[in-house]
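Hi everyone, thanks for coming along.

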Amino acid sequence: MDKDQTTPVTIACGCGKKLGDSAIIEEPRYGFFGDLTLLFGVTAAPKRIDYRCVKCGKVVHSASDAQTIKQFTH
Ligand SMILES: [Zn+2]
């Protein structure tokens, strides 16, 4: 799906959903530096993106590559 993905983790959540399923939502995670950048009023880039199942709450995948981060940087 994403050829730049370096961690080909294909785990399913508790109810069998996997990355790409509509039940999997993307959650940007902001670390300490993200909070700092918010304070300074500059663009905040998430530290990583968690992909979580909305039904069971399990994170099935995390992405921290620059390309993915960029998509969530506003
Ligand atoms: Zn699930």
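Let me start with a question: is I25 buried, partly exposed or exposed? Take a second to find that residue. I25 comes out as partly exposed, and its relative accessible area is 33%. For the label, the cut-offs matter: under 20% would be buried and over 50% would be exposed, so a value in between is called partly exposed. Please keep in mind that what we are looking at is a predicted model.

Now, where are we in the fold? The protein chain has 2 helices and 3 strands. Reading from the N terminus, the order of these elements is β-α-β-β-α. I25 belongs to strand β1.

Let's look at how the strands go together. Our friend I25 sits opposite R52 of β2. If we skip residues up to four places away in sequence, I25 touches D50, Y51, R52 and V54. There is also a distance to G57: the C-alpha atoms of I25 and G57 are 9.7 Å apart, and these residues are 32 positions from each other along the chain.

Strand β2 has another partner. It pairs with strand β3, residues 59-63, again in the antiparallel sense, over 4 bridges. You can follow this pairing residue by residue: D50 has S62 of β3 as its bridge partner, and I49 stands opposite A63. The hairpin of β2 and β3 has 5 residues between the strands, and within this hairpin G57 takes a positive phi near 80°.

Let's stay with I49 for a moment. Which residues does I49 contact, leaving aside its neighbours within four places in sequence? The list is E26, E27, P28, H61, S62, A63, T68 and F72. I49 is in strand β2, and its relative accessible area is 0%, so it counts as buried. Its C-alpha atom is 5.1 Å from that of A63, a residue 14 positions away along the chain.

On to the metal. Which residues coordinate the zinc ion? They are C13, C15, C53 and C56, each through its SG atom, at 2.2 to 2.4 Å. The angles among the 4 donor atoms are 104 to 125°, and the site is tetrahedral. Why does it get that name?

Along the sequence, the spacing of the donors is C-x1-C-x37-C-x2-C. C13 lies in the segment before β1 while C53 is in strand β2, so this pair ties together parts that are 40 residues apart in sequence. As for accessibility, C13 and C53 are both buried. C53 has 1% relative accessibility, so it counts as buried. C15, on the other hand, is partly exposed, with a relative accessible area of 38%.

How many disulfides does the structure hold? The count is 0. As a reminder, a disulfide is a covalent bond between the sulfur atoms of two cysteines.

Y30 is located in the loop between β1 and α1, which covers 32-40. Y30 is partly exposed, with a relative accessible area of 38%. Not counting residues up to four places away in sequence, it touches A44, A45, P46, K47 and F72. For P46, the C-alpha atoms are separated by 4.6 Å, although Y30 and P46 are 16 residues apart along the chain.

The other stop is D65, in the loop between β3 and α2, where α2 covers 66-71. Is D65 buried or exposed? With 18% relative accessibility, D65 counts as buried, because the cut-off for buried is under 20%. The side chains of D65 and T68 are joined by a polar contact of 2.8 Å.

Let me finish with the whole chain. Of the 74 residues, 24% count as buried. Among the contacts with a separation of 6 or more, 50% are between residues 24 or more positions apart. We have seen one link of that sort in the sequence sense already, with C13 and C53 tying together parts 40 residues apart.

Conventions
Residues numbered from 1 in each chain as written. Predicted model: local features only at pLDDT ≥ 70, side-chain atom pairs only at ≥ 80, totals over all residues. Heavy atoms only, no water. Pairing = 2+ DSSP bridges. Donors = N, O, S within 2.8 Å, 3.2 Å for Na, K, Ca; no water. Tetrahedral: all angles 85-135°; square planar, octahedral: opposite > 155°, others 65-115°. Buried < 20%, exposed > 50% of the residue type's maximum accessible area, 1.4 Å probe, protein only. Contact = heavy atoms within 4.5 Å. Disulfide = S-S within 2.5 Å. Polar contact = N/O pair within 3.5 Å; in protein donor to acceptor, adjacent residues only side chain to side chain.
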